[in-house]
Amino acid sequence: MYRQTKEITSSPLAIQQYLKTLFPKKGGKGKGLPTLILKKENVSIDKAKAKQYAQVCGFKSNNDFVPSIYPHIIAFSLHMELLRCTFVFQIVGMVHQIINITQ
(Lines give C-alpha, C1' and ligand atoms only; values in the text may rest on other atoms or scores of the structure.)
Protein backbone atom coordinates (compact mmCIF):
# COMPACT_ATOMS: atom_id res chain seq x y z
CA MET A 1 0.00 0.00 0.00
CA TYR A 2 1.36 3.40 -0.96
CA ARG A 3 1.62 5.85 1.91
CA GLN A 4 2.29 9.53 1.48
CA THR A 5 4.27 11.21 4.27
CA LYS A 6 3.89 14.93 4.78
CA GLU A 7 6.41 16.68 7.04
CA ILE A 8 4.88 19.45 9.14
CA THR A 9 7.39 22.10 10.15
CA SER A 10 5.09 24.48 12.02
CA SER A 11 1.66 24.08 13.52
CA PRO A 12 -1.04 26.32 12.08
CA LEU A 13 -3.27 28.29 14.40
CA ALA A 14 -6.35 26.44 15.63
CA ILE A 15 -8.65 29.03 14.04
CA GLN A 16 -7.02 28.34 10.66
CA GLN A 17 -7.71 24.63 11.08
CA TYR A 18 -11.34 25.27 12.02
CA LEU A 19 -11.84 27.48 8.97
CA LYS A 20 -10.26 24.85 6.70
CA THR A 21 -12.71 22.23 7.95
CA LEU A 22 -15.57 24.33 6.60
CA PHE A 23 -14.14 23.81 3.12
CA PRO A 24 -12.96 20.18 2.93
CA LYS A 25 -10.39 19.16 0.34
CA LYS A 26 -11.78 17.50 -2.75
CA GLY A 27 -10.51 14.00 -3.37
CA GLY A 28 -8.29 12.20 -0.91
CA LYS A 29 -11.24 10.69 0.91
CA GLY A 30 -11.27 6.99 0.24
CA LYS A 31 -13.02 3.90 1.47
CA GLY A 32 -10.04 2.28 3.15
CA LEU A 33 -7.68 3.34 5.88
CA PRO A 34 -5.94 6.68 5.33
CA THR A 35 -2.64 6.48 3.51
CA LEU A 36 -1.46 9.94 4.55
CA ILE A 37 1.10 10.13 7.34
CA LEU A 38 1.72 13.49 9.01
CA LYS A 39 5.05 13.84 10.73
CA LYS A 40 6.43 16.57 12.96
CA GLU A 41 9.82 16.20 14.59
CA ASN A 42 11.50 17.89 17.53
CA VAL A 43 8.28 18.69 19.37
CA SER A 44 8.77 19.96 22.89
CA ILE A 45 6.51 21.17 25.67
CA ASP A 46 6.67 24.83 26.58
CA LYS A 47 6.43 24.73 30.37
CA ALA A 48 4.91 28.22 30.60
CA LYS A 49 2.17 27.35 28.10
CA ALA A 50 1.49 24.01 29.82
CA LYS A 51 1.20 25.78 33.17
CA GLN A 52 -1.14 28.40 31.70
CA TYR A 53 -3.26 25.64 30.11
CA ALA A 54 -3.41 23.81 33.45
CA GLN A 55 -4.57 26.97 35.23
CA VAL A 56 -7.24 27.80 32.63
CA CYS A 57 -8.61 24.24 32.71
CA GLY A 58 -8.55 23.95 36.50
CA PHE A 59 -5.72 21.45 36.87
CA LYS A 60 -3.52 21.75 39.92
CA SER A 61 -0.12 22.60 38.54
CA ASN A 62 3.48 22.96 39.49
CA ASN A 63 6.61 23.32 37.39
CA ASP A 64 6.94 19.59 36.69
CA PHE A 65 3.27 18.82 36.01
CA VAL A 66 1.83 18.49 32.51
CA PRO A 67 -1.90 17.72 32.27
CA SER A 68 -2.47 14.33 30.66
CA ILE A 69 -4.48 15.88 27.82
CA TYR A 70 -1.88 18.53 26.98
CA PRO A 71 -0.04 16.36 24.39
CA HIS A 72 -3.34 16.20 22.48
CA ILE A 73 -3.41 20.01 22.45
CA ILE A 74 0.08 20.03 20.93
CA ALA A 75 -0.91 17.47 18.26
CA PHE A 76 -4.39 18.88 17.58
CA SER A 77 -3.47 20.69 14.35
CA LEU A 78 -2.01 17.44 12.97
CA HIS A 79 -5.19 15.58 13.88
CA MET A 80 -7.36 18.20 12.18
CA GLU A 81 -5.23 18.18 9.02
CA LEU A 82 -5.29 14.38 8.84
CA LEU A 83 -9.07 14.25 9.31
CA ARG A 84 -9.62 17.06 6.82
CA CYS A 85 -7.60 15.26 4.16
CA THR A 86 -8.64 11.66 4.71
CA PHE A 87 -11.75 11.27 6.84
CA VAL A 88 -14.90 10.15 5.04
CA PHE A 89 -17.25 12.32 7.14
CA GLN A 90 -17.50 16.09 7.42
CA ILE A 91 -15.61 17.17 10.54
CA VAL A 92 -17.82 20.16 11.38
CA GLY A 93 -20.62 19.08 13.68
CA MET A 94 -18.93 15.95 14.99
CA VAL A 95 -18.78 15.72 18.77
CA HIS A 96 -17.21 13.42 21.32
CA GLN A 97 -19.74 11.28 23.13
CA ILE A 98 -17.51 10.12 25.98
CA ILE A 99 -13.93 10.89 26.90
CA ASN A 100 -12.21 9.11 29.78
CA ILE A 101 -8.67 10.05 30.72
CA THR A 102 -6.72 8.39 33.50
CA GLN A 103 -3.37 9.70 34.62
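In what order do the elements of the protein run from the N terminus on? Here are my notes on that and a few other things.

1. First, the overall layout. This is a predicted model, and its elements run β-α-β-α-α, starting at the N terminus. Counted up, that makes 3 helices and 2 strands.

2. Next, how the chain comes together. Look at contacts in the protein with a separation of 6 or more: 75% of them are between residues 24 or more positions apart. Of the 103 residues, 17% are buried. As for the surface, the protein exposes about 8,200 Å², and carbon and sulfur atoms supply 58% of that area.

3. Now the inside. Which residues make up the largest nonpolar core? There are 5 in all: I8, L36, L38, L78 and C85. Two elements, β2 (36-39) and α3 (70-86), each bring at least two residues to this core.

4. Setting aside neighbours within four places in sequence, L78 touches I8, L38 and K40.

5. On to the second largest pocket, which holds about 320 Å³ of space. Its lining has 13 residues, and those closest to the pocket centre are S44, D46, K49, Y70 and I74. If you want to find the spot in the viewer, pick out those five residues.

6. Which elements give two or more residues to the lining of this second largest pocket? They are α2 (47-57) and α3. The largest share comes from α2, with 4 residues. So far as residue type goes, the lining splits into 7 nonpolar, 3 polar and 3 charged.

7. Last, a backbone detail. Most residues other than glycine have a negative phi. N42 is not a glycine, yet its phi is positive, at about 55°. Where is N42 found? Look in the loop between β2 and α2. Is N42 buried or exposed? N42 is exposed, because its relative accessible area is 78%, and the cut-off for exposed is over 50%.

Methods. Residues are numbered from 1 along each chain as its sequence is written. This is a predicted model: local features need pLDDT of at least 70, side-chain atom pairs count only at pLDDT 80 or more; totals for chains, interfaces and linings use all residues. Side-chain values use heavy atoms; hydrogens and water are left out. Buried means under 20% relative accessible area, exposed over 50%, partly exposed in between (1.4 Å probe, protein chains only). Contact means heavy atoms within 4.5 Å. Accessible areas come from the Shrake-Rupley method with a 1.4 Å probe; for residues, only the protein chains shown count as cover. A nonpolar core is a set of buried Ala, Val, Leu, Ile, Met, Phe, Trp, Tyr and Cys residues joined through side-chain atoms within 4.5 Å. On a 1 Å grid over the protein atoms alone, a cavity is a set of points where a 1.4 Å probe fits but cannot get out, and a pocket is an open set with protein on both sides within 12 Å along at least five of seven lines; lining residues have an atom within 4 Å of a point. Grid points are joined across faces, edges and corners, and a volume is the space filled by probe spheres set on the points. Ala, Val, Leu, Ile, Met, Phe, Trp, Tyr, Cys and Pro count as nonpolar, Asp, Glu, Lys and Arg as charged, and the others, Gly among them, as polar.
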